[in-house]
Amino acid sequence: MKHEPVLLDKVLEYLTPSRKDGTLVDATVGLGGHAEALLEKHPDARLIGIDRDPEALERSRQRLSRFGDRVTLVRGRHESLIDILKQSGTEAISGLLADLGVSSMQLDDPSRGFSFRFDAPLDMRMGAEGRTAADLVRELDEYELMRILRDYGEEPMARRIARAIVEARTEAPIETTSRLAEIIRGVKRARYGEIDPSTLTFQALRIATNEELIGLDRFVDDAVSVLESGARVAIVSFHSLEDRIVKRAFRRLEGECTCPPGMPVCGCGAKAIVEIVTNRPLTASEEEETRNPRSRSAKLRVAEKL
Ligand SMILES: C[S@@+](CC[C@H](N)C(=O)[O-])C[C@H]1O[C@@H](n2cnc3c(N)ncnc32)[C@H](O)[C@@H]1O
């Protein structure tokens, strides 16, 4: 199945570069779908594509090879944006896209352990480094597991699932996706028409394993700091936790006062650096949702540097 980038028409419409011959950054280049369309639409622009996943980078390298030296691909985390740009000698950019989270390739690869649909080692790492989900499930205490399931999965049964995990691991290590899914099923029944009982726990462990929310707020600041005046940052998120961080960061950068209520004089130094272009997040059309069910939870927010 051909990979389809989410909200592509809206990304192309809203991510208008501040200069025709400037540098665009795709901070999560993935399989290169958005990057390819941006390079086609802006024939004089260069593009720096970043991804932490070596397999994804290899796929985008092949897909984008026809653009030659207009493209630079860098393996790394977008949290290191400033260093990555310094290393490539880029001081300012004309637009930045971040399509956050996990790619369809990662989710659909049975061996990577992202999904309860396939039996696989409980890995869930987007890059090759760091602790796996199995490491977290083995090492964290019951309270920390509960907190991850509650905060990153918004799982209403976080406490009971965390307890069941801790009990089950005294019998045998939890090393596969299917063993974890089975433990969850022991606590939470599958109900017809509802999401699989494992969905929220798997989402939470994936976010924790990849530290997906840590540093997102600072990444938005860093992205805005390197935009040229008139350049835009466009961020696609897939769950409410990410979207909330992006929304708040944009509001703060638009100069919203963040002092506690009742302060007689503003002390937070709020100053407008961007103008928010999308007051409400843009979402997929019904037609896109039908064609590509993953687009259902996608939200695009865009801000422009003043
Ligand atoms: C939704 S996919 C992007 C798909 C891409 N827009 C396309 O059209 O093919 C997200 C990608 O971001 C990468 N990623 C996630 N977190 C990252 C981070 N902190 N730094 C760099 N890449 C990251 C993942 O490895 C994945 O390939």
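Q: How many helices and strands are there in the protein?
A: The protein has 13 helices and seven strands, where helices (H or I, at least four residues) and strands (E, at least two) are DSSP runs numbered from the N terminus. This is a predicted model, in which local features need pLDDT of at least 70 and side-chain atom pairs count only at pLDDT 80 or more, while totals for chains, interfaces and linings use all residues. Residues are numbered from 1 along each chain as its sequence is written, and side-chain values use heavy atoms, with hydrogens and water left out.

Q: What share of the residues counts as buried?
A: Of the 306 residues, 51% count as buried, with buried meaning under 20% relative accessible area, exposed over 50%, and partly exposed in between (1.4 Å probe, protein chains only).

Q: Okay, helices next: how do α9 and α10 pack?
A: Helix α9 (residues 177–187) and helix α10 (residues 199–209) pack at an angle of about 130°, with their axes 10 Å apart. That makes α9 oblique to α10, because angles under 35 degrees count as roughly parallel, over 145 as roughly antiparallel, 65 to 115 as roughly perpendicular and the rest as oblique. The axes are lines fitted to C-alpha atoms, for helices over the stretch in contact, and the angles run from 0 to 180 degrees between N-to-C directions.

Q: Which residues meet there?
A: From α9 there are Thr177, Leu180, Ala181 and Ile184, and they meet Thr201, Phe202 and Leu205 in α10, where contact means heavy atoms within 4.5 Å. By class, the residues of this contact of α9 with α10 are five nonpolar, two polar and no charged; Ala, Val, Leu, Ile, Met, Phe, Trp, Tyr, Cys and Pro count as nonpolar, Asp, Glu, Lys and Arg as charged, and the others, Gly among them, as polar.

Q: Is Leu180 buried or exposed?
A: Leu180, which is found in helix α9, counts as buried because its relative accessibility is 0%. Leaving aside neighbours within four places in sequence, Leu180 is in contact with Leu122, Ile165, Ile174, Phe202 and Leu205.

Q: What about α7 and α8, at what angle do their axes cross?
A: The axes of helix α7 (residues 142–153) and helix α8 (residues 158–171) cross at roughly 135° and come within 8 Å. That makes α7 oblique to α8. Among the residues making the contact are Leu145 and Leu149 of α7 and Ile161 and Ile165 of α8. The contact of α7 with α8 has eight nonpolar, no polar and five charged residues.

Q: Changing topic, which phi does Leu7 have?
A: Leu7 has a positive phi of about 50° although it is not a glycine, and Leu7 lies in the segment before α1 (8–14). At 0% relative accessibility, Leu7 counts as buried.

Q: And where is Glu211?
A: Glu211 is in the loop between α10 and α11 (216–226), and Glu211 has a positive phi of about 45° although it is not a glycine. At 40% relative accessibility, Glu211 counts as partly exposed.
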